[in-house]
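I am opening this notebook to keep track of what I look up in a structure that is new to me. The entries follow the order in which I went through it.

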Amino acid sequence: MNRTIIISNRLPLQITIDDQKLDVTPSVGGLATGLKSFHRDGDSVWIGWSGLTKEEIPDNLLPEVEKKAREEACIAVNFTAEEIDGFYYGFSNRSIWPLFHYFMEFTEWDADKWEIYKSVNQKYADVVIENYREGDNIWVHDYQLLLVPQMIRDKEPNASIGFFNHIPFPSYEVFRTVPWREEILKGMLGANLIGFHTFDYERHFLSSVSRILRHQVQFNEVSLPDRIIKVDSFPMGIDYDKFEQAALKHREVTAGKESELQRRLNHHRQKSPDSKLILSIDRLDYTKGIANRIRAFEYFLEKYPEYIENIRLVMLAVPSRSNVPQYQLLKREIDELVGRINGKFATVNWIPIWYFYRSMPFENLIDLYTSCNIALITPIRDGMNLVAKEYIATRTDQTGVLILSEMAGAFHEMNEALIINPNDFEQIANAIQQAIKMPKEEQVRRNTILQKRLKRYSVEKWADDFMTALERTREIKPAFKAK
Ligand code: ADP
Ligand code: G6P
């Protein structure tokens, strides 16, 4: 297969500088964690933002930032604070992100930020063109870079360009509210192949293309006068072996003993040996339904008081996009909710919610996945949700219950989980109770099916399916001249 140029806003590595010293950590988020293994195993170069603004990089450290990226086959692109403000904290995360997740009340339209979004997209396209060699496949990712495919096509008309959207694509009725809707669709249509996680997102996109641009859409093809664009769904998987192997190793190391996390959790004794741990992991984002989840847990404790001192919610929220006001407000709301509920129910021996607001190393993540009996994943809207898949992959003894929102893209492939509507507290409380009471044989039966499916549709398979479909588009000739 040809070399791939991956381009996404966030690189798989995050660089920070403290006191003239560079620190490199892995990026959090489905795109980076998922695509990392494709990048690691194949012939690719990855272009993206280093996580630093130009002002934050002293001149003497710039070569080192570039070197750190190069060591991982990455090309780091740096932007000014003004660019990051308009492009990343601005149009990407105050306009596109909320709108595409149906949070219309959070969506702002600001013409200046749109201009910066366009110019940053152009800078990304220019870096791709600088590095492009004939025969390369170019794979553009996500909502921050919607205009990049056409910007590349303008300079390299014959390039093979794929675009994958990692978040939902909203229905036409929502998308049509965007002031620059034509430009956005035309930007995406610069690609030869456009991929989404689910058929619904694909359908919404095609509907917008045909109603807004009036292009001819037949099945999953868009016909332009000189090109045909394929649109398809490719549900993203996880690096299954990595999670399974890490869990097996973890169980081996801790065999018969408590892990550090379990020791700490059990330090605050719970009443019975049957007591349960519920896990929740997300970036701190309003789309993830974290506040709803806490309220539903409160309702559960009210409805089933017999579980007081016998259940605990272990909640990990990773700081995210904290310059955007809605994220700051959410942080305050969650602090307040956790404090109120812990104050209301805590006993001398027990607190109901253990809340961590930070990122954690991979080993701790595995410890959490393998230690918790139930995973409670309740997004209001989520393009896919890889955490749900990672939890199942680490359950190497097949026990554990996943409670999953029907608003996550992952729901379509994970019907054996307990499926809930994140706005229905009654249903969530009952699902928690059902999960606690679920016999082991039933847990094993459900998880065996899930694991088989996740193993087959791994992230390697996802990337391979996408790249094979992209290679095939090289052979497509327009069947007719559209009017
Ligand atoms: P999103 O892409 O919206 O953040 P996903 O659930 O699809 O949501 O992906 C989140 C990814 O981030 C997962 O691969 C998960 O393992 C990783 N992750 C989540 N929390 C942490 C954490 N505290 N530390 C490190 N990685 C994390
Ligand atoms: C989601 C988006 C990614 C993004 C990630 C983390 O997964 O689809 O594009 O990288 O969230 O968000 P951040 O703003 O930190 O890059």
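**Notebook: loops, sheet, core and ligand shells**

I began with Gln398, which is partly exposed, with 16 other C-beta atoms within 10 Å. Here a residue is called buried if 20 or more other C-beta atoms lie within 10 Å of its own, exposed if 12 or fewer, and partly exposed in between, with C-beta atoms placed from the backbone. I note that this is a predicted model, in which local features need pLDDT of at least 70 and side-chain atom pairs count only at pLDDT 80 or more, while totals for chains, interfaces and linings use all residues. Residues are numbered from 1 along each chain as its sequence is written, and chains are lettered from A and ligands numbered from 1 in the order in which they are written.

*Entry on two loops.* I placed Gln398 in the loop between α14 and β16 (401-405); helices (H or I, at least four residues) and strands (E, at least two) are DSSP runs, numbered from the N terminus. The phi of Gln398 is near 65°, a positive value in a residue other than glycine. I then looked up Asn385, which is not a glycine either and has a positive phi of about 85°. Asn385 lies in the loop between β15 (374-377) and α14, and Asn385 is buried, with 23 other C-beta atoms within 10 Å.

*Entry on the core.* Which residues have the most contacts inside the largest nonpolar core? I found Ile7, Ile374, Ala375, Ala388, Leu402, Ile403 and Leu404, in a core of 134 residues; such a core is a set of buried Ala, Val, Leu, Ile, Met, Phe, Trp, Tyr and Cys residues joined through C-beta atoms within 7 Å.

Strand β4 (residues 44-53) runs parallel to β5 and is joined to it by 5 bridges, and I picked out Gly48, whose bridge partner in β5 is Ala76.

*Entry on β12.* Is β12 largely enclosed or open? I found that 6 of the 8 residues of β12 are buried, so this strand is largely enclosed by the rest of the structure. It pairs with β13 in the parallel sense over 8 bridges, and Lys276 stands opposite Ile311 in β13.

*Entry on two buried residues.* Pro352 sits in the loop between α12 (325-345) and β14 (353-357) and is buried, with 23 other C-beta atoms within 10 Å. Its C-alpha atom is separated by 9.0 Å from that of Leu301, 51 residues apart along the chain. Leu99 is found in helix α3 (residues 81-100) and is buried as well, with 20 other C-beta atoms within 10 Å; the C-alpha atoms of Leu99 and Val174, 75 residues apart along the chain, are separated by 7.4 Å.

*Entry on the ligands.* Around ligand 1 I noted 16 residues, of which Gly29, Gly30, Thr33, Leu386 and Val387 come nearest; a residue is near a molecule if its C-beta atom, placed from the backbone, lies within 6 Å of it. The largest share of this shell, 3 residues, comes from α14. Ligand 2 is surrounded by residues including Arg10, Asp142, His166 and Arg321, and helix α1 (residues 30-41) gives the largest share of that shell, 3 residues.

Definitions and conventions: Pairing = 2+ DSSP bridges.
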